[in-house]
Each structure stands twice: as structure tokens, then as C-alpha cells.
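This report goes through one protein model, from its sheet to its metal site and aromatic rings. The sequence and structure come first.

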Amino acid sequence: MDNNGIKDNLRPPAAKKIKTDNFGITAILSDDYKKDITLMQVHSCEVESKQQLQAVIKELALKLPHFQHLKRVHERNVLICPSDDIKDTLEQHLQLHQISENVLKTLCRNVNVIEVPASSAKLRVQYEQMTKYWPCKFHPDKYAESLQNGSNFTVSQRAYHKRMAELLWKLSKDVNDGQNVGICVDPRRPSIVAIAGDGSSHQHCVMWLVDHVARSQRGGAWQTDQQFVKDEPHTKSTLSGLPQIFYDYLKQDAACQDLRLGAELPRREEQQPQPEPVEDIHADNLCKYGPYLCTGYDVYLLREPCLMCSMALVHSRVKRIFFLERSDNGALASKFQLHAVKELNHHYEVFQFTM
Ligand SMILES: [Zn+2]
């Protein structure tokens, strides 16, 4: 769980062996997906006849178009407007919005102040809770539901994620003095593109990891004494994002022999397909254009990243982040949910391994 205020470099080495059999993988979703719903006060009224009801609905839809997420009418009760919108009296408010005399009279009879859900339901569980207050509109989002109930991964995908969790633990303990470790994976194959650990240089492992991924694309800006794997000539994929020390460990560990290593090489200009029209906006850019930053890649981290590292992963356009332990200064679950900030121009999904 969290690190109880122990500094990363003072942390004791991780336990000898972890059991991933009972692991869950929980999506860290924004507060919009939380079970607790928020309510708002609204003015409503009971209308006496069907004819009145028709006239009222027509005019309200035009002049007070509130409550898109709710049904406007329930039995003969009509939602008029949020109570907070009314500055003086309901009658004055309706006059201000040029409601006709007849409808105004109807709306000002049998008035009640009631509580209704303040926003739309994202998940069925929220919808079911909301309809207890007032009938709601609901458009089920299959993918959001699957994230919430954990059915978004296939059995083999889940097994691979758990292997990466186990590997983080082992690499941290056996190679990196119990310090934070990160692994970047191309999930299409799946194949390990880069590995990095917190080092003596005070740079967090995520920053190194992003730089190691850049090495696999013939970039990488940071100077380091670390040795990296050198590629064979005419190779089809590259191991250059892997520090030798991690690579050697994987090669000597019998349990890792079937793990695929290496990244697709960056494609040359002439191999780049021309951008296609907008309907392809959701197509997988990694498949289409080849490696670019961390586009389409997954990142596995022993510890929840800090704000700086989480932001670096936004800039790198990572697809998904998986982490094992929360951190006091974690920016994805503990202190903030950076990935839930709508204003950012890229959003990754975040998952935590849970016992
Ligand atoms: Zn950090």
C-alpha cells in the first residue's frame, strides 16, 4: 500500500516472493464514476390536466431548457428549473424568461421543491441509484462498465499484466536495491520496449524510462554511465531501450525465457502512410505510424508516479499505466487523478494491482 512516509531510498527491499494468483487489477476511474451521486434542489409542480401538460412541456423545452439528463415529466409532475436559478420569486423568474400567461399560471400552482440528480449517470449502478429520486435518461457505455467491473481484459491479457507486476517486484529486489522500477511494453506483441530504475542520480525512474524509450527510437537525451544492449546488424526490432543489467537478468532467469523483448524500429519517412480522413481518429496510431514517443505503449511501475512523472507520461502519450503500490505524493490515485483532468490534451488509463 502506501509508503508510510519512508523515503524511497530508505525503503527496505521488497518481500522475497509475491503471489500474484490473488491479484486484482482495478481501474482508477475519475470521480464521475463514483457510486455516490450528487443531488440538486429544483422547483417542480403538479399539473392538473393533460392539455395543460402538453402546453407546459412545449414552452419549457423552448424557454427553460434544463435537465437534459432527466425526464422532464414524471406522472403529472414537471421539473421547472434549478431552485438556485430563482433570484426572487418563481413567478418573476418565469416572467423574465417570457413564459406565456397561461403556462405561468399553471406552473405557479402546486409547486414543490424536490431533490433530483445533478448530473448524468455514467454507469448502470449510478443510474439505478438516481432513478430512485427521479426518472433519468441513460446511455450505457459498455467500455466504462467493463472497466468498472474488471471485465475489460481477456484472460491472457490479465495473465501478462500480472507477469509484469511480478517482474517489477523481482527487478526491484534483485537488480535495483528495492527502488522503484518501470517497464514499458508494446502491448501489440506484447514485447518489452524499455526498462528503467530509480538510480543514484535523483531522477525518478519514469523520467529515465521515457528517455530509454526514446533511445529505442534513435533518440534519448540523457547522459548516463549505464551500458545498453547493442543491436545485431539488420535486426527487425531493437533492444536499445534496455539497460544491459536488466537484460542480463532477464536472460539468465528461467522464468523469463518466453518474454518477448525489443521495440519496433522507427519507420522511415517513405514508410509512413499518409494521414487518413477523420473517421480514423480512433484507429491505433502505433499500428499506423510506428513508434512515436510512447504512443500506444503501456507502462508498468512498482510505485505510483509523482505529479512530474505523471505529466511526463501525458506528454509521452502513454496508452495505459499499471502500478503496484500507492505513494504519498502519487498523482494518479493518492493525491490527484491527473488522468481525470479533462483539460489535458492526452488521457491514459490507469490501473492498480490489488491484493
Ligand atoms: Zn516522479
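Which residue in S5 is the bridge partner of His43? The partner is Val113.

The model is predicted, so local features need pLDDT of at least 70 and side-chain atom pairs count only at pLDDT 80 or more, while totals for chains, interfaces and linings use all residues. Residues are numbered from 1 along each chain as its sequence is written, and side-chain values use heavy atoms, with hydrogens and water left out.

**Sheet and helices**

Helices (H or I, at least four residues) and strands (E, at least two) are DSSP runs, numbered from the N terminus. Strand S2 (residues 39-46) pairs with S5 in the antiparallel sense over 7 bridges; two strands pair if DSSP finds at least two bridges between them. The two strands belong to an open sheet of 4 strands, ordered S3-S4-S2-S5, with antiparallel pairing. Its edge strands, each pairing on one side only, are S3 and strand S5 (111-117).

H1 lies across S3 and strand S4 (77-82), and runs at about 25 degrees to S4. Here contact means heavy atoms within 4.5 Å. Axes are lines fitted to C-alpha atoms, for helices over the stretch in contact, and angles run from 0 to 180 degrees between N-to-C directions.

Helix H6 (residues 155-174) has 20 residues and spans 28 Å from its first C-alpha to its last, close to the 28 Å expected at 1.5 Å a residue. The expected span is 1.5 Å times one less than the number of residues. Among the buried residues of H6 are Arg158, His161, Lys162 and Trp169. Buried means under 20% relative accessible area, exposed over 50%, and partly exposed in between (1.4 Å probe, protein chains only).

**Zinc site**

The zinc ion is coordinated by His204 (ND1), Cys306 (SG) and Cys309 (SG), at 1.9 to 2.3 Å. These donors follow the spacing H-x101-C-x2-C along the chain. His204 is in the loop between strand S7 (191-197) and helix H7 (205-216), and Cys309 is in helix H10 (residues 307-315), 105 residues apart, so the pair links distant parts of the chain. Donors are N, O and S atoms within 2.8 Å of the metal (3.2 Å for Na, K and Ca); water is not among the atoms, so sites may look incomplete. His204 counts as partly exposed because its relative accessibility is 31%, whereas Cys309, at 2%, counts as buried.

**Backbone exceptions**

Most residues other than glycine have a negative phi, and most peptide bonds are trans.

| Residue | Phi | Relative accessibility |
|---|---|---|
| Phe67 | near 60 degrees | 7%, buried |
| Gln98 | near 55 degrees | 62%, exposed |

Phe67 is in the loop between helix H1 (50-63) and strand S3 (73-74). Gln98 is in the loop between helix H2 (90-96) and helix H3 (101-107). A cis peptide bond, with omega about -20 degrees, joins Arg189 and Pro190. Pro190 is in the loop between strand S6 (181-186) and S7.

**Aromatic rings**

Rings of Phe, Tyr and Trp (its six-membered ring) pair if their centres lie within 6.5 Å; planes under 30 degrees apart count as stacked, over 60 as edge-to-face and the rest as tilted. By this rule there are 6 aromatic pairs. The ring centres of Phe322 and Phe351 are 5.1 Å apart and their planes are at 20 degrees, so this pair is stacked. Phe322 is in strand S11 (residues 320-325) and Phe351 in strand S12 (residues 349-354), 29 residues apart. Both Phe322 and Phe351 are buried. One aromatic cluster is formed by Phe153, Tyr300, Phe322, Phe351 and Phe353.
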